[in-house]
Amino acid sequence: MSRHKSPILKAIRILRHVVQEEAPVSLADLSPALGLPKPTVHRLALLLEQEGLLQRDPLSRRYLVGSALEELAFQAIRNAPGHSTRRLHMQRLAEKIGESVNLGALSGDEIVYVERVESAWPLRMDFKPGSRVPVHCTANGKLLLAYSPPSVRQRLLRAAPFPPYAKNTITTAAELSRELEVIRRRGYSEDNEEFLVGVCCLAVPVRNAERQVTAGLAVMAPSARFPLEKARACLPDLYATAEIISAQWETAKGGAGT
């Protein structure tokens, strides 16, 4: 079978196109964009949808990334060849600042912890890789929402009012929108006891080869032991580790393309 006629490669092209688009994609758009007959795209997209790799927006019926593909992507990141190196740098950061460090990515209206290194303190937050936390009241969540495409940002803002997890939780779309503008301007995000009472968090961007923000690197600790003023003093170390992880992902992509 010719490489160009392989249904597997055609399905991969469909997945790649949907993943790279900022907004859901219609069947009518997929066919000309990929140069494939509409019946072929429909048949393959239906199979991908049945496997959970794609899903359709219930209102527009356009295609977007499915939950199974999201989980596969996070598993790939966690188990990629560079995993041990990434974790080593995160461990060094956690040891230097003395607090827990996590790497999070946006998944729908939640943040998924791709990697997490706990502190040595007996009092700590016991989250595991794969754990999910809200977007609107966490440092990584607000950071990735601030740097997400406008369509993603507006969709999540329309979900307001947001549930209050603590006394400082932002619950309105207007207030969260102002907070996102501040985050984009200063380049990092804070959680001042907005998700968990007595816990603060600070997050900085991790970028891909195109310099797009695809993840957040955050430090999380009890406010009594590690207030935000102290966390801000660690920003240079957080940025340095985030750049190392970003460079590692860029190198991995470059190697894959050779």
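Arg56 and Glu49 meet through their side chains in a salt bridge, 3.3 Å from N to O. A salt bridge here is a side-chain nitrogen of Lys or Arg within 4 Å of a carboxyl oxygen of Asp or Glu. Before I go on, this is a predicted model: local features need pLDDT of at least 70, side-chain atom pairs count only at pLDDT 80 or more, and totals for chains, interfaces and linings use all residues. Residues are numbered from 1 along each chain as its sequence is written, and side-chain values use heavy atoms, with hydrogens and water left out.

Back to the pair. Arg56 is partly exposed at 26% relative accessibility, and Glu49 is partly exposed at 24%. The cut-offs are these: buried is under 20% relative accessible area, exposed is over 50%, and partly exposed is in between, with a 1.4 Å probe and protein chains only.

How many salt bridges does the rule give? The count comes to 12. One of them joins Asp29 and Arg62, at 3.4 Å from N to O. Asp29 lies in helix 2 and Arg62 in the loop between strand 1 and strand 2, so this pair ties together parts that are 33 residues apart in sequence. Helices (H or I, at least four residues) and strands (E, at least two) are DSSP runs, numbered from the N terminus.

Another salt bridge links Arg211 to Glu243, with the closest N and O atoms 3.2 Å apart. Arg211 sits in the loop between strand 7 and strand 8, and Glu243 in helix 10, 32 residues apart. There is also a network: salt bridges that share partners join Arg86, Arg87 and Glu115.

Next, helix 8. It runs over residues 173–186, 14 residues in total, and reaches 20 Å from its first C-alpha to its last, close to the 20 Å expected at 1.5 Å a residue. That expected span is 1.5 Å times one less than the number of residues. Which residues of helix 8 are buried? They are Leu176, Glu179, Leu180 and Ile183. Seen down the axis of helix 8, these buried residues fall within an arc of 105°, so they line one face. The arc is taken from the directions from the helix axis to the C-beta atoms. On the other side of helix 8, Arg178 and Arg185 are exposed. After helix 8 comes Gly187, with a positive phi near 90°.

Last, the cysteines. With a disulfide defined as a pair of cysteine sulfur atoms within 2.5 Å, the count is 0. The sulfur of Cys200 is 7.5 Å from the closest cysteine sulfur, in Cys201, which is too far for a bond. Cys200 is buried, at 3% relative accessibility.
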